[in-house]
Amino acid sequence: MRIIDSVSGSFSRIGERGHFAADIVRALPDWRTYGAETVRQMRNIGVGSVPLTIIVAAFIGAVTAFQTRYQLFGGVQLSVVGLISRQSVILELGPLLTALVLTGRVGARITAELGTMRVTEQIDALETLAYDPIAYLVVPRVIAAIIMLPILTIFADGVGVGMAFLTSIVATDILPSDFIAGLQLAFAPFQIVYSLIKGTVFGAAIAFFCSYEGYNANAGAEGVGRSTATAVVITSVAILILDALTAALLAPYLQG
Amino acid sequence: MKKTRDDVLVGVVIVAGLVLAVVGSLWLARGGLSKGYPLYARFAWGAGLKTGAPVWVSGATVGYVSDVNFEPDGTLLTELRITGSQPVPKKSPATVVPNGIFGDVAVNFTPLRSGAKYVAGDTVVSGPPTAGIAQLTAKADSITTSVASLTSAMNKELVADGGLADLRSTLAGTNKLIAQLSAIAVVQSTQLTATMTSLRRATSAVDSAKIDSTLSNLRTASGNVTSLTRSLDSTGRTLNQIVAKVDSGNGSAAKLVNDPALYNDVHSLLGRMDSLLADIKKNPKRYINVKVF
């Protein structure tokens, strides 16, 4: 009986998120409600996250180049470091780690904001005033995340590759020409598109799951905290699953 | 005011991101904003070319492979993008060469001294393919197979069929033989030493005066032999002269030897003498009449 309840509970939670997604789509035409708020959320989510993204990406690039160089055995051309750094940062580490870091910064903030509004009945007040809370509170965050995560991913890719280059020529025996030769080897523009697709998907996931948890928070401050923790965990797992799915679907098109 | 500032910041970040994406892609894909000029080459299927592979002139990077098209006639129509305006001497053959040990390849021009240079859109001369990692690996595989079969054969001959035991036995026999030979050599050496000692003793016992006298006699005998040889030589020459005279038919002896009439006369004489002797034997009294008184 307990197993049946658990299974039906899981389906119920999936169904509730489905309804929530449908509400978001339904609210999209109401751009007058969320237009101005979207720009503000883009600033919060995107512009506010640029420094953190750059710091994370710089260390990703440096570590990738350093590790790659010292994994090579004798006889392997050093330009491989450029190739592996580019592929690692652009295809995987740039979008994935940026999304995971922003889950903590942006996702937790979205959940906390919406959760607080829910427990302080501000959302109920909006409904009372005939505002659509989904259109006013959730849609701007989802759109802002969908637009700004790819932009942040581009910054992460650029900074990561640049830092890999600097690390290689400063801290290892790799020549700039070797690194650049590997960087340009077998490059296909779709690799950048692939990175942006991942950023978009991860941005949507962060905004959606974190908004849902915040929007449905209850039980006061403790409930908000619980919702925030749940949102971060669910979003992180969802990002990893989506990463695997994206790779499985799009990796065959990456060959240069 | 705050709203306007947000708009500007968001716009700047988005534009910066898009510019970074576009410029970065262009730089990674074609080495910069400069388009350069294209050359075309045909290589055999399986050359392992991919876009982005470097193009070299004698090892110096001058561009990259910008496109590879599969052609049904067994070739890969390859676009080589030469960056900037770097010249590539006309008629220089382009060859697909290995680039490292992971199967990566590059296109290498071997420059020929020529005043002319390739211009945009030219189809370059394709050189012969060089052995790549795949060929080397195949060769290593075949060597490994040969070594494996050799090892197997040696194992069969030396281990399974008892060759190693035979070899050991042969070595033991050889060692024994060598030991015997060593013993014999020791004995022979002792005997040889004794012989040498005896010889030395005998040599020291020989009277040198006698040896001198003997040698002097030998010299005299040798002189006599020389003189005898000269005499024999002179005699031989005299005999040759006599024989020559006999052959020439001059003189009595020569005529005796060479004149058939004389021969016939002598023959007839002998015949008659035979008859005479026979008759004497038959009738001795006719010829011999002994009267004592």
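Tutor: Helix axes are lines fitted to C-alpha atoms over the stretch in contact, and angles run from 0 to 180 degrees between N-to-C directions. The model is predicted, so local features need pLDDT of at least 70 and side-chain atom pairs count only at pLDDT 80 or more, while totals for chains, interfaces and linings use all residues. Residues are numbered from 1 along each chain as its sequence is written, and chains are lettered from A and ligands numbered from 1 in the order in which they are written.

Student: Why are helix 4 of chain A and helix 7 of chain A called oblique to each other?

Tutor: Helix 4 (residues 79–119) of chain A and helix 7 (residues 176–184) of chain A pack at about 45 degrees, with their axes 6 Å apart. Angles under 35 degrees count as roughly parallel, over 145 as roughly antiparallel, 65 to 115 as roughly perpendicular, and the rest as oblique. The pair is therefore oblique. Helices here are DSSP runs of H or I with at least four residues, strands are runs of E with at least two, and both are numbered from the N terminus.

Student: What is the handedness of the crossing of helix 4 of chain A and helix 7 of chain A?

Tutor: That crossing is right-handed; the term applies if the near helix is turned clockwise from the far one by less than a right angle, and left-handed if anticlockwise.

Student: Which residues make the contact?

Tutor: Helix 4 of chain A gives Ser79(A), Val80(A), Val81(A), Gly82(A), Leu83(A) and Arg86(A), and helix 7 of chain A gives Asp178(A), Phe179(A), Ile180(A), Ala181(A), Gly182(A) and Leu183(A). Contact means that C-beta atoms, placed from the backbone, lie within 7 Å. By class there are 7 nonpolar, 3 polar and 2 charged residues. Ala, Val, Leu, Ile, Met, Phe, Trp, Tyr, Cys and Pro count as nonpolar, Asp, Glu, Lys and Arg as charged, and the others, Gly among them, as polar.

Student: At what angle do helix 3 of chain A and helix 4 of chain A pack?

Tutor: Helix 3 (residues 50–71) of chain A packs with helix 4 of chain A at about 145 degrees, with axes 9 Å apart. This crossing is right-handed. Among the residues that meet are Val56(A) and Ile60(A) of helix 3 of chain A and Ser88(A) and Leu97(A) of helix 4 of chain A. The contact divides into 11 nonpolar, 8 polar and 2 charged residues.

Student: What makes Pro140(A) count as buried?

Tutor: Pro140(A) has 24 C-beta neighbours inside 10 Å. A residue is buried at 20 or more other C-beta atoms within 10 Å of its own, exposed at 12 or fewer, and partly exposed in between. Pro140(A) therefore counts as buried. Pro140(A) is found in helix 6 (residues 133–171) of chain A. Beyond its neighbours within four places in sequence, Pro140(A) is in contact with Tyr34(A), Glu37(A), Thr38(A) and Gln41(A). Pro140(A) and Met42(A) are 98 residues apart in sequence, yet 8.3 Å apart from C-alpha to C-alpha.

Student: Why is Glu121(A) called exposed, and why is Lys91(B) called partly exposed?

Tutor: Glu121(A) has 11 other C-beta atoms within 10 Å and is therefore exposed, whereas Lys91(B) has 14 and is therefore partly exposed. Glu121(A) lies in the loop between helix 4 and helix 5 (122–128) of chain A. Lys91(B) lies in the loop between strand 4 (75–82) and strand 5 (94–98) of chain B. Neither is a glycine, but phi is positive, about 65 degrees for Glu121(A) and about 70 degrees for Lys91(B).

Student: Which residues touch the most other members of the largest nonpolar core?

Tutor: They are Val139(A), Val142(A), Ala145(A), Met148(A), Ile206(A) and Val107(B), in a core of 99 residues. Such a core is a set of buried Ala, Val, Leu, Ile, Met, Phe, Trp, Tyr and Cys residues joined through C-beta atoms within 7 Å. Helix 6 of chain A gives the largest share of this core, 23 residues. Met148(A) touches Met42(A), Ile45(A), Gly46(A) and Gly203(A), not counting residues up to four places away in sequence.

Student: How many helices and strands are there in chain A and in chain B?

Tutor: Chain A has 9 helices and 0 strands, and chain B has 7 helices and 6 strands. Buried residues make up 48% of the 256 residues in chain A and 15% of the 293 residues of chain B.

Student: How many residues of chain B are in contact with chain A?

Tutor: In chain B, 25 residues are in contact with 25 residues of chain A. Helix 1 of chain B gives the largest share of that side, 14 residues. The side of chain B that touches chain A has 12 nonpolar, 9 polar and 4 charged residues.

Terms used
Two residues are in contact if their C-beta atoms, placed from the backbone, lie within 7 Å.
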